[in-house]
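I went through the model element by element and wrote down what I looked up.

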Amino acid sequence: MARISFPKDFVWGTATASYQIEGAYDEDGRGLSIWDTFARTPGKVVNGDTGDVACDSYHRYEEDIALLKQLGVKSYRFSIAWPRIFPQGTGEVNEKGLDYYRRVIDGLIAAGIEPAVTLYHWDLPQALQDKGGWDNRETIDAFLAYAEIVFKAFGDKVKSWITFNETWCVSFLSNFIGVHAPGHTDLQLATNVAHHCLVAHGRAVQLYRSLNLPGQIGTTHNLSWSEPYTTRPEDVEAARRSRAWGNEWFLEPTLKGSYPQFMVEWFRGKGIEVPILEGDMETIGQPIDFIGVNFYTGGYTRYKKDSGLFDSEDVQVGFDQTFIGWNVYPEALYKVLSWLHEEYGDIPIYITENGACTDDHVAEDGGVHDAQRVDYYRKHFIQCQRLIDSGVPLKGYYAWSLLDNFEWAEGYAKRFGIVHTDYETLERTPKDSYYFIQKVISEGGFDV
Ligand SMILES: CO[C@H](O)c1c[n+]2c([nH]1)[C@H](O)[C@@H](O)[C@H](O)[C@H]2CO
């Protein structure tokens with residue numbers, strides 16, 4: 001019997017996001033976000049679901065905090081909804097919006113849980129989208145004004161800040177692939193969005209430093225791991241391009257202050273240029289205190305001429321898959337974070353999201369027996385210990401998600417929570433995975 005054990009100072013947490021859990025979409029002065037608009041657009045979200053009510057955490061946050069306390073986590077990652085603070089994106093501050101997050105932050109601290117706040121988890125005020133959104137460079141200034149209000153309101157109590165959640169999703173998934181809000185399908189626009197979000201990240205870090213606040217600041221990127229299906233050079237290169245779109249395209253600017261040249265040339269070959277202005281790259285490459293990594297899955301890629309953006313295609317090789325169709329490939333977590341450490345040095349790493357979608361139901365005994373999710377977590381925790389043992393500065397892990405919640409274009413049809421949400425009654429029911437993680441945290445590990 002082997003023992004998987006974690007350092008005593010390892011930060012266990014869970015993660016959520018404002019639009020996915022809060023509901024109260026039109027309460028206490030909240031303005032509309034691009035996701036309110038997108039979800040109301042026929043055909044964009046499964047079953048026409050919206051975040052109007054979601055998990056109603058706007059009213060039930062105390063229940064959520066009680067679940068977090070019972071779980072035994074040290075930290076809780078959640079996001080602030082920009083449209084609650086600035087209903088029109090800029091201009092007048094909505095004090096009731098600040099009051100809500102003050103209640104959440106104070107409640108967490110009273111429960112002995114550190115708040116970790118994401119400034120931007122995709123709910124851009126619609127009023128800013130009406131003026132071009134992130135394609136409009138002026139949105140960066142609006143983001144800075146929002147960040148300043150929030151830093152000054154909560155910077156004495158919140159010691160961990162994440163500027164953006166997954167700039168790849170904000171840019172390419174939402175403005176080129178088009179399945180997330182605002183739903184454009186324009187590669188140059190998406191490239192502009194990615195760049196402007198990266199500049200906004202750097203400017204927010206500079207602002208945070210200028211305020212001399214007592215915490216740490218970083219950002220979260222979703223990393224992919226696609227391996228070449230064969231050792232043929234064309235497969236190796238195709239997999240490299242496919243990985244780099246999600247990885248180097250964002251990590252290089254954030255951690256080295258430059259875009260990966262081989263990808264710049266690849267995009268140039270397609271007529272795409274990055275709208276870099278003087279000083280942008282120095283701003284983006286501001287030193288940060290940690291890098292957040294969201295990781296879920298990996299796979300294999302091979303060369304296929306004229307296929308997709310990178311002359312590549314994914315190859316199904318028989319991985320088990322979760323209910324959302326993502327491969328279960330735990331070793332890819334070890335590979336991608338080992339690669340990150342080799343490429344970018346000893347910057348502290350937090351896994352800010354990892355989890356599984358499974359087809360959950362409340363059983364007759366009142367429990368939710370999500371065995372595949374328990375197995376997923378067990379296997380990924382093993383990889384976390386491997387990483388720590390190999391000297392990778394992995395400092396913490398946030399399970400996605402605390403609650404079943406609004407899963408973007410999948411609506412409520414896909415469940416990632418370690419706590420089941422009944423969307424009729426809004427009752428929360430801890431799943432077997434919740435009790436597994438609770439035990440791992442309380443015992444500092446588990447036997448395999
Ligand atoms: C490939 O998965 C992405 O990294 C990713 C997965 N997820 C995310 N990003 C988002 O940050 C969450 O809001 C989603 O709810 C969550 C589950 O889909």
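Predicted model: local features only at pLDDT ≥ 70, side-chain atom pairs only at ≥ 80, totals over all residues.

Entry 1: strand E12 and its partners.

I next looked up strand E2, residues 11-15, and found five bridges that join E2 to E12. These two strands also run parallel. Within this pair, I noted Ala 399 in E12 as the bridge partner of Thr 14.

I then asked how many residues of E12, residues 394-400, are buried. I noted six of the seven, so E12 is largely enclosed by the rest of the structure. Buried here stands for under 20% relative accessible area.

Entry 2: the open sheet.
I turned to a sheet of three strands, which is open and has the order E7-E9-E10. I recorded its pairing as mixed. Which strands lie at the edges? I found strand E7 (226-228) and strand E10 (312-315) there, each pairing on one side only. Direction ignored, I noted that neighbouring strands of this sheet are turned by 45° against each other on average.

For the pair of E7 and strand E9 (residues 299-303), I found three bridges and a parallel run. I noted that Glu 227 has Tyr 300 in E9 as its bridge partner. I then looked up helix H10, residues 233-246, which packs on the sheet and touches E7, E9 and E10. The direction of H10 makes about 120° with that of E9.

Entry 3: helices H7 and H9.
Lastly I looked up how helix H7 (residues 138-154) lies against helix H9 (residues 187-210). Their axes come within 9 Å and cross at roughly 35°. I recorded the crossing of H7 past H9 as right-handed.

I listed the residues at this contact. From H7 come Ile 140, Asp 141, Phe 143, Leu 144, Ala 147, Glu 148 and Phe 151. In H9 they meet His 196, Val 199, Ala 200, Arg 203, Ala 204, Leu 207 and Tyr 208.

How values were computed: Residues numbered from 1 in each chain as written. Heavy atoms only, no water. Buried < 20%, exposed > 50% of the residue type's maximum accessible area, 1.4 Å probe, protein only. Helix = DSSP H or I, 4+ residues; strand = E, 2+ residues; numbered from the N terminus. Pairing = 2+ DSSP bridges. Axes fitted to C-alpha atoms, helices over the stretch in contact; angles between N-to-C directions. Left-handed = near helix turned anticlockwise from the far one by under 90°. Contact = heavy atoms within 4.5 Å.
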